[in-house]
Every structure is written in C-alpha cells, then in structure tokens.
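Load the model in your viewer and keep the selection panel at hand. The stops below go from a group of side chains to a sheet.

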Amino acid sequence: MTKYIMSKMSANVNYAIYTKGAKGLNEVKQIITVNGGADVVDKKTLVTPEGVLTVVSDEDFAKLQDNPIFKRHLDRGVLSISSNERNAQKSSVELTKDDSAQLTPKDYKRQGKKKPKTGRNQ
C-alpha cells in the first residue's frame with residue numbers, strides 16, 4: 001500500500017531520518033524527498049501546478065510521521081496525506097499556499113489589489 005502526499009510547497013523538501021551512531025551522535029540513515037514546485041511556473045510547459053504529488057511507501061510514511069519538520073508542515077497545512085491518488089489531487093485546493101510561492105493573478109484578486117505592470121503588459 002502507498003500513501004500520496006500532496007504538497008503546496010514551492011521547493012522540494014528532504015526529510016532526514018536519523019539513527020544513533022558512534023558516541024551517541026545522530027547519523028542520517030535515510031533521506032525522504034517530498035516534491036515541491038506548486039505555484040511555480042515550469043519554464044518548459046508554462047504550467048503552474050496548484051499542488052505537487054509525491055508517492056511514498058507505508059514504511060517511509062511511518063518514518064516521516066516521527067519527523068518534527070514533516071509534522072510542522074502538516075500542521076501548517078502545506079501538506080496533505082491520502083491513501084487514494086484522486087483524493088490527494090482534490091485536496092490541493094484546500095492547502096495553504098507556501099509563503100515563498102510566486103504571486104499569481106488570483107492572489108492579487110484575493111487581496112483586492114491590481115497586479116503590477118511588467119514588460120509584458122505595459
């Protein structure tokens with residue numbers, strides 16, 4: 001069984017899974033990457049995805065649940081988890097936008113502001 005993680009983050013995030021090494025020091029045992037790129041224009045296709053999907057195994061998901069940064073991202077609402085790909089993709093609309101994401105015309109409209117003039121629309 002797999003889990004589907006929908007991300008509203010602008011960049012990929014690497015979550016480190018640690019183990020105790022020599023002298024009690026933490027050592028990185030595994031890195032689990034959750035894909036980002038939401039609200040960032042793809043230069044090749046000019047598509048701006050509202051959310052980006054990452055598929056992880058149940059084993060890796062169990063490890064992520066112990067990661068404090070992963071928990072923080074869930075609490076902030078920039079990630080959602082689903083056991084069904086279709087439900088995961090629907091949830092992207094409900095996620096909180098990452099603070100570092102590019103502003104879109106929808107963002108300006110929501111804020112009641114006019115989008116700034118650029119070289120393209122002057």
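Buried means under 20% relative accessible area, exposed over 50%, and partly exposed in between, with a 1.4 Å probe and protein chains only. This is a predicted model, in which local features need pLDDT of at least 70 and side-chain atom pairs count only at pLDDT 80 or more, while totals for chains, interfaces and linings use all residues. Residues are numbered from 1 along each chain as its sequence is written, and side-chain values use heavy atoms, with hydrogens and water left out.

Select tyrosine 15 and phenylalanine 70: both are buried. Their ring centres are 5.3 Å apart and their planes stand at 85°, so the pair is edge-to-face. (Rings of Phe, Tyr and Trp, the last by its six-membered ring, pair if their centres lie within 6.5 Å; planes under 30 degrees apart count as stacked, over 60 as edge-to-face and the rest as tilted.) Tyrosine 15 belongs to strand β2 (residues 13–20) and phenylalanine 70 to helix α2, so the pair ties together parts 55 residues apart in sequence. Helices (H or I, at least four residues) and strands (E, at least two) are DSSP runs, numbered from the N terminus.

Phenylalanine 61 pairs edge-to-face with phenylalanine 70, at 6.4 Å between centres and 85° between planes. Tyr15, Phe61 and Phe70 form one aromatic cluster.

Now show β4, β1 and β5 as cartoon: in that order they make an open, antiparallel sheet of three strands. Strands pair if DSSP finds at least two bridges between them. β4 (52–57) and β5 (79–82) are the edges, each with a single partner strand, so one side of each has no neighbour in the sheet. Finally, select isoleucine 5, which stands opposite isoleucine 81 in β5.
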